[in-house]
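Reader: I am new to this structure and would like a close look at a single part of it. Please take me through that part step by step.

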Amino acid sequence: MAEKQKLIEIKNLKQYFNVGKGNVIKAVDGLTFDIYKGETLGLVGESGCGKSTTGRTIIGLYKATEGEVLFNGVNVHAKKSAKELKTLKRKMQMIFQDPYASLNPRMTVADIIAEGIDIHGLAKTREERMQRVYELLETVGLNREHANRYPHEFSGGQRQRIGIARALAVEPEFIIADEPISALDVSIQAQVVNLMKKLQREKGLTYLFIAHDLSMVKYISDRIGVMYFGKMVELADADELYRNPIHPYTKALLSAIPLPDPETERTRQRIVYDRSQHNYKEGEELQFREITPGHFVLCSEAEYEKYKTMYT
Ligand SMILES: Nc1ncnc2c1ncn2[C@@H]1O[C@H](COP(=O)(O)OP(=O)(O)OP(=O)(O)O)[C@@H](O)[C@H]1O
Ligand SMILES: [Mg+2]
C-alpha cells in the first residue's frame, strides 16, 4: 500500500458486560489501533478473548463502555440523525461464521440478498432489483437460477457466498468477517477466502477478518492483531508477525500451528504461555509500544527496552 489512509480509528475501546452479582466481564479492555483503507486486518486469539465483541462494538451493535470508534472520521457511537445512522449502517457490513444460522430459512435467496437493497432504496423498480440480485449472484460465483430457491437447498460454501452477496448488496466500504470460513470444509475454505480477496481488489473493500487459527489468516491478512483476554498484545504486518513474533503469547500461538511435514510436526516444540513469566510488578502499567516500525507489542517499560535491543 503506497499511501495509507485510515478508514477506522479505534481508541481505547472497552466493552464490559455486567453479568450480575457485581461481576463484570472485561470482554474488550482498552484496544487502540487503526484499520487502513483497502487492507485486511486479521484478528486472532483463543476462544473467548473478545474478537467477536470487538467486531460488534466497532460496527455499533454494542454501545462501547468506554473509548471510541471513528469511521471515516465519524464517531460510530455518537448520537446522530436517522439518516446518518442509516448511511453508516450501510457502509459497515458483517459476514458471520455460521451460514446456516444467519440466513432466514423462510426467505428466498433473492429476498435475502435484496433485503438491504429494499431498506436503503437502492433499486427504483422491481426489474432493477432483480437485475441487482442476478449480478450479485454472479459476483459471488452463483447464478440466477439460484434466486428463487431457499437456503436449505445450498451447501455450506454456497450459503456463505449468499451471505457475502447480501453484504455486498448495499455497497459497503468495510466488512467484518467473523470466522467466515470456520464452519466450512477445508476444501471449500480457500475458495471462499479467494472470493473475498478478489472482491476486495475489485471493490476496494476493507476487511476485519476474525479467526482463531493462524494458517488461513496469514494468507488473507495484510496485518494481524493478536488478542489475549480483551487486550491486543501484538500487531504487525502478517509476514513480520510470523517471522519475528515478540510477545510470548504470540510465540505460543504460532508454535501450535500444525506443520505440513509429519516428521517436523512430530518433533517440534510447542511453546506454552505462562503469564507469570513477565514478572510484572504489582500494578505495573503496560503500554502498546512500537518495537520496530509498524510492529507493536503490549509490554512494560523494562520489556520495551529488552525487545528493542533484541529486535532492532
Ligand atoms: N452479550 C454478552 N454478555 C455477557 N458476556 C459476553 C457477551 N458476549 C460475550 N461475552 C463474554 O465476553 C468474552 C469474549 O467473548 P467473545 O465472543 O467476544 O470471544 P471470541 O474471541 O469471539 O471467542 P470465539 O473464538 O469463541 O468466538 C467471553 O468471556 C464471553 O463469554
Ligand atoms: Mg467469536
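How many residues surround ligand 1, and which are the closest?

Author: This is a predicted model, in which local features need pLDDT of at least 70 and side-chain atom pairs count only at pLDDT 80 or more, while totals for chains, interfaces and linings use all residues. Residues are numbered from 1 along each chain as its sequence is written, chains are lettered from A and ligands numbered from 1 in the order in which they are written, and side-chain values use heavy atoms, with hydrogens and water left out.

Ligand 1 is surrounded by 15 residues, and the closest are Ser47, Gly48, Lys51, Ser52 and Thr53. A residue counts here if one of its heavy atoms lies within 4 Å of the molecule. Sorted by class, this shell has six nonpolar, six polar and three charged residues. In this scheme Ala, Val, Leu, Ile, Met, Phe, Trp, Tyr, Cys and Pro are nonpolar, Asp, Glu, Lys and Arg are charged, and the others, Gly among them, are polar.

Two elements, strand 2 (24-36) and helix 1 (51-58), each supply at least two residues of the shell. Helix 1 gives the largest share, three residues. Helices (H or I, at least four residues) and strands (E, at least two) are DSSP runs, numbered from the N terminus.

Next come the oxygen atoms of ligand 1. One lies 2.5 Å from a polar side-chain atom of Thr53. For Ser52, an N or O atom of the side chain is 2.9 Å from an oxygen atom of the ligand. Gly50 takes part through its backbone, with an N or O atom 3.0 Å from a ligand oxygen. Taken alone, ligand 1 exposes 630 Å², and the protein buries 66% of that; accessible areas come from the Shrake-Rupley method with a 1.4 Å probe, and for residues only the protein chains shown count as cover.

Strand 2 also holds Asp29. Asp29 is buried, at 13% relative accessible area, where buried means under 20%, exposed over 50% and partly exposed in between (1.4 Å probe, protein chains only). Its side chain joins that of Tyr16 in a polar contact of 2.6 Å. A polar contact is a pair of N or O atoms within 3.5 Å; within protein, one must be able to donate a hydrogen and the other to accept it, and residues adjacent in sequence count only if both atoms are side-chain atoms. Leaving aside neighbours within four places in sequence, Asp29 is in contact (heavy atoms within 4.5 Å) with Leu13, Lys14, Tyr16, Gly230 and Lys231.
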